Amino acid sequence: MNAELVDPRATRDIAPLLLDGTGKLCVVPASVLQRTTAQERLVFGIRHGLYSFPTEELVAFLANRIRGRSAIEIGAGHGCLAKALGIPATDNRQQEDPRMKAYYTARGQATVPYGDHVEALDAAQAVRKHRPQVVIACWVTHKFDPRHPQAEGSELGVEEEDIVASCEEYIFVGNERVHERKPIWSLPHEKWTPPWLYSRALNGSPDFIGSWGKDAVGTQRRAKAR
C-alpha cells in the first residue's frame, strides 16, 4: 500500500502513546506499538519526522550486543535510542538546512526533530572523534556511488563500508524493502527480524537488525585483490 492511499483524517493519532509531555519520542514496550496499525505508524511518522520507533526490547537487545564496549549512534535524529542506551548521539543534522526544510514541507512531511543532546557530526567525523568499538544506526541512507547507480543512496549518505571497517561491530536497524539496496549487504553479516521492531514502513516487509564486523570488509578487500 502506498502512503498516498492512507487518509490521515481517518487515521487514529497515536502521538499520545509515543510522545511525552514535552512532545519528545519515548521508548515504549513493544506491546504498545503492537496495538497500533501500520497506517497509524506511517501517519504519525510523517507528521513528526520520525522513521522508526524504539522499544524497550530493542534497547535491551542493543545493550546486550554492546556489553560494556564503547559505542555511539550515528544518524541519531531525535536521539531517543542513544539516550536510553547511555551512549553519545551524533547526526549531521542536515534537515535543519532551510532548503531541506522547504523540500520536506513541500512534500507535506515534518523534518527530523533533532534532540538537543545530538552532536552535529557526520558519521565519519563521529567515528574519528569517539573511536567507538560499536556503531549503531537506524534508518540512515548509504552514500550514492555513481559507479553503481542501481544501489541508489544519497550524496550526503553514509560511507557504510568505511564505518564497518573502522569499528568492531556496525549494527543497523531498518526495513527489508526500504534498505534492500545497501551495498554492505554483499559483506558477511548477521540479520534478525524480531517481532518487537516497529517503523513507519508500509510495504509489507519486516523490519530488521543487521550486524557487520570489520573483518567482513577485510575479507572482501583481500578477495578483490587476488
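The buried residues of helix H4 are covered by elements that include strand E1 (71-74), helix H5 (80-85), strand E4 (134-138), strand E5 (169-175), strand E6 (190-192) and strand E7 (207-213). Cover is judged by contact, meaning heavy atoms within 4.5 Å. Helices (H or I, at least four residues) and strands (E, at least two) are DSSP runs, numbered from the N terminus.

The residues concerned are Leu58, Val59, Phe61, Leu62 and Ile66, which are buried in H4 (residues 56-66). They lie on the same side of H4 because they cover an arc of only 165° around the axis; the arc is that of the directions from the helix axis to the C-beta atoms. Buried means under 20% relative accessible area, with exposed over 50% and partly exposed in between (1.4 Å probe, protein chains only). Just after H4, Arg67 has a positive phi of about 45°.

The model is predicted: local features need pLDDT of at least 70, side-chain atom pairs count only at pLDDT 80 or more, and totals for chains, interfaces and linings use all residues. Residues are numbered from 1 along each chain as its sequence is written, and side-chain values use heavy atoms, with hydrogens and water left out.

Helix H3 (residues 38-48) contains Glu40. Glu40 counts as buried because its relative accessibility is 10%. Its side chain takes part in the two pairings tabulated here.

| Partner of the Glu40 side chain | Distance |
|---|---|
| Arg12, side chain | 3.0 Å |

Leaving aside residues up to four places away in sequence, Glu40 touches Thr11, Arg12, Ile14 and Arg35.

Overall, the protein has nine helices and seven strands. Its radius of gyration, 17 Å, agrees with the value near 17 Å for a compact globule of 226 residues; this radius is taken over C-alpha atoms, and the globule rule is 2.2 Å times the number of residues to the power 0.38. Of the 226 residues, 46% count as buried. Among contacts with a separation of 6 or more, 68% are between residues 24 or more positions apart.

The mean pLDDT (the predictor's confidence in each residue, from 0 to 100) is 93, and 93% of residues reach 70 or more. Over residues 221-226 pLDDT stays under 50, and the model has three contacts for them beyond four places in sequence.

How values were computed. A polar contact is a pair of N or O atoms within 3.5 Å; within protein, one must be able to donate a hydrogen and the other to accept it, and residues adjacent in sequence count only if both atoms are side-chain atoms.
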